[in-house]
Amino acid sequence: MSTISELQLLTVLSQEMNMRKAAERLFVTQPALSQRLQNIEKDWGTPLFIRSQRGLSLTAAGELVTKFAMETLKKEEEVKESIHAFKEEVYGTLKIAVASIVGQNWLPEVLKRFVERYPQAKISLVTGWSSDMMKSVSEDSMHIAIIRGVSDWKGIKLHLFDDPLYLVDREIAKLEDIAWTDRPFIQFKSDSNYYEEIQVWWHRNFQLPPKNTIVVDQIETCKQLSFNGIGYSILPSIALRKADDSLSRIPLYNEHNEPITRGTWLIGYEATFQLKQVQAFLEIVKEYLEEENTGKQMDWR
């Protein structure tokens, strides 16, 4: 097994565990893929996959060989990135982990500029909770992460922006209305201190909990329910970029009468910030933020 294409074939098969799906990803026919796999198994002298009507499963030898294939491809990518780091052109893969709300509402316009300006570069993107995104960087599976809220990250941390929180609804126009409304309060689960902040704010302003509550697992679901008039919710301004003017926005204030905000940070380790594709992405981020007229200096820590 000497060619990278065979490494890629084994990697895709181990990810999909399905001949049809793997063939589609590799742009080959199933018979051709099956023949290639038989030849690879012949080279190794042992079956690597067990075929069944339900799909594929790895043999003990298959687990070892596919792990070798994935590690080899990863090492090849790292070597390519190291080589291209000495050149002016931006190549390699930008591996970025992003908090879901940022990935849905802010990042697309930034990445559009990146792919248009650097067509030779690739992007590997994952989204999810901030804690998981931070973990992916600490485990070195991603170059950088964009996370929400306060973190104790010890590497490089770039403050991108703060956005205020609002109580939003299509009927409630002022806080006093909450005391008598039967409309549900739509909340979303969070792994950060976001939920705690909202709880503190609520108890400071109201003596009783909401009469009705709907709990969802994603902020995007919460947003869509609010936008469609199901109930009221508390959302950061980043989620309200495309909201129409008929949606009422009531700003939240803390005990010092200051707007309650959520911070967004870009984090990573010093070594990855030396990569050309990461540097190029940071330049576009800075450029984009300046155009948004944030009026705030980005704070390197």
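Over the ring of which residue does the charged end of lysine 157 sit? In this predicted model, the ring belongs to tryptophan 265, and the charged end of lysine 157 lies 4.5 Å from its centre.

A pair of aromatic rings is described by the distance of the centres and the angle of the planes. One of the pairs joins tryptophan 106 to phenylalanine 161 in a tilted arrangement, with 5.5 Å centre to centre and 45 degrees between the planes. Distant parts of the chain are linked by this pair, since tryptophan 106 belongs to the loop between α5 (100–105) and α6 (107–117), whereas phenylalanine 161 lies in strand β6 (residues 156–169), 55 residues apart. Tryptophan 106 counts as buried because its relative accessibility is 0%, and phenylalanine 161, with a relative accessible area of 8%, is buried as well.

Another pair is formed by phenylalanine 114 and phenylalanine 281, whose rings are edge-to-face at 6.1 Å centre to centre, with 75 degrees between the planes. Phenylalanine 114 is located in helix α6 and phenylalanine 281 in helix α10 (residues 276–291), so this pair ties together parts of the structure that are 167 residues apart in sequence. Phenylalanine 114 has a relative accessibility of 0% and therefore counts as buried; phenylalanine 281, at 0% relative accessibility, counts as buried too.

Note on methods:
Residues numbered from 1 in each chain as written. Predicted model: local features only at pLDDT ≥ 70, side-chain atom pairs only at ≥ 80, totals over all residues. Heavy atoms only, no water. Phe/Tyr/Trp six-rings, centres within 6.5 Å; stacked < 30°, edge-to-face > 60°. Helix = DSSP H or I, 4+ residues; strand = E, 2+ residues; numbered from the N terminus. Buried < 20%, exposed > 50% of the residue type's maximum accessible area, 1.4 Å probe, protein only. Lys NZ or Arg CZ within 6 Å of the ring centre and 35° of its normal.
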